[in-house]
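Have a go at each one before you read the solution.

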Amino acid sequence: MTENQRKRAFGVVSCLLYLCNAIDPNNSIKNDIKDLFVLHPNIPVYMLGFTRD
């Protein structure tokens with residue numbers, strides 16, 4: 001992935017979280033995304049623009 005593609009993935013997920021929180025502050029999308037990354041540890045999330053933490 002290029003640097004722009006990595007930033008784009010992070011940006012899209014950030015916008016998704018923002019919009020979901022605006023629609024329903026009690027949504028579970030953030031935890032769902034975290035769970036998805038836990039279920040698939042072979043996905044290097046830092047390559048998608050996220051921090052390694």
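**Exercise 1.** Work out which helix holds isoleucine 33, and whether isoleucine 33 is buried or exposed.

*Solution.* Start with the helix: isoleucine 33 sits in H2, residues 29–39 (helices are DSSP runs of H or I, at least four residues, numbered from the N terminus). This is a predicted model, where local features need pLDDT of at least 70, side-chain atom pairs count only at pLDDT 80 or more, and totals for chains, interfaces and linings use all residues. Numbering runs from 1 along each chain as its sequence is written, and side-chain values use heavy atoms, with hydrogens and water left out.

Next, the surface: isoleucine 33 has a relative accessible area of 17%, so it's buried (under 20%; exposed is over 50%, partly exposed in between, with a 1.4 Å probe and protein chains only).

Last, the neighbours: leaving aside residues up to four places away in sequence, isoleucine 33 touches Val13, Leu16 and Leu17 (contact means heavy atoms within 4.5 Å).

**Exercise 2.** Find how many aromatic pairs there are.

*Solution.* Rings of Phe, Tyr and Trp (its six-membered ring) pair if their centres lie within 6.5 Å; planes under 30 degrees apart are stacked, over 60 edge-to-face, the rest tilted. That rule gives two aromatic pairs. Phenylalanine 10 and phenylalanine 50 have ring centres 5.2 Å apart and planes at 75 degrees, so they're edge-to-face. Phenylalanine 37 and phenylalanine 50 are edge-to-face too, at 5.7 Å and 65 degrees. Put together, Phe10, Phe37 and Phe50 make one aromatic cluster.

Key:
Helices (H or I, at least four residues) and strands (E, at least two) are DSSP runs, numbered from the N terminus.
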